[in-house]
Amino acid sequence: MSTKPTIVFCHGIWADGSCFNKVIPALQANRHEVVSVQYGLDSFEEDVATVKRTLNRVGSHVLLVGHSYGGATITAAGVDPRVVGLVYIAAVAPDAGETVQNQLDKYPSDIFTRVEVADGRAWMLPNGTEFFAGDLPEAEQKLVWATHYAPVFDLFHQQKLGANDIAWRSKPSWYVLARKDHTVHPDLQRWVSKRMGATVTELESSHVPMLSQPDAIIEVIGKAATAVG
């Protein structure tokens with residue numbers, strides 16, 4: 001078995017697995033097996049189940065990487081014994097009895113003034129990219145909006161994790177903290193990363209550092225992969 005862990009990415013809301021496209025090629029070039037999970041944002045339970053099904057298709061020691069809401073999915077799925085480490089990117093990280101909404105309510109952010117609920121989904125308005133991906137060029141911001149995928153409106157209220165369902169309590173964790181984030185408040189990121197005892201890297205970035213500063217994300221994942229390899 002290779003000493004290099006498989007890298008499994010878990011995306012947030014208003015995105016899909018392609019949001020990691022700027023970092024995947026470099027990891028593949030470094031001989032990592034890489035998969036970006038494609039879940040539907042229809043229910044937290046099903047999203048976590050999709051992550052676990054993906055683990056069945058890859059190598060047996062895995063580094064899970066979660067962006068934004070993906071931090072909740074890797075927190076739950078990461079208790080799988082095949083998972084050897086966790087990387088959170090501007091992410092939430094609930095504890096037992098907490099929902100994602102509980103965490104967001106502690107430190108409200110600007111993005112939710114640019115959201116509209118329609119047809120049972122929570123859609124980002126076109127001007128929401130200012131608070132989601134404001135450090136990207138205008139053309140890239142437009143692409144982010146054109147390809148964004150809306151979650152079911154109550155997704156953030158569905159987390160019902162028990163004391164044995166919290167991967168960061170038992171697995172080594174790394175955290176990329178985005179100081180200019182207007183989606184997951186930087187103070188929330190600071191609080192959850194401190195609580196989990198993560199190794200923290202702070203970036204002057206919007207909510208999407210894997211798009212605005214991919215080299216920095218590649219470096220963090222590389223260091224985590226070396227540590228768990």
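Hi everyone, let's start with the open sheet: six strands in the order β2-β1-β3-β4-β7-β8, with parallel pairing. Strands here are DSSP E runs of at least two residues, helices are H or I runs of at least four, both numbered from the N terminus, and two strands pair if DSSP finds at least two bridges between them. At the edges sit β2 (34-36) and β8 (199-203), each pairing on one side only.

A word on the source: this is a predicted model, where local features need pLDDT of at least 70 and side-chain atom pairs count only at pLDDT 80 or more, while totals for chains, interfaces and linings use all residues. Residues are numbered from 1 along each chain as its sequence is written, and side-chain values use heavy atoms, with hydrogens and water left out.

Now helix α3 (residues 70-77), which is where Thr73 is found. Is Thr73 buried or exposed? Thr73 is buried, because its relative accessible area is 0%; buried means under 20%, exposed over 50%, partly exposed in between, with a 1.4 Å probe and protein chains only. The Thr73 side chain reaches the backbone oxygen of Gly70 at 2.9 Å. Beyond four places in sequence, Thr73 touches residues including Cys10, Tyr39 and Phe44, where contact means heavy atoms within 4.5 Å.

Finally, Tyr88: setting aside neighbours within four places in sequence, its contacts include Gly66, Trp168 and Met196. Thanks, folks!

Conventions: A polar contact is a pair of N or O atoms within 3.5 Å; within protein, one must be able to donate a hydrogen and the other to accept it, and residues adjacent in sequence count only if both atoms are side-chain atoms.
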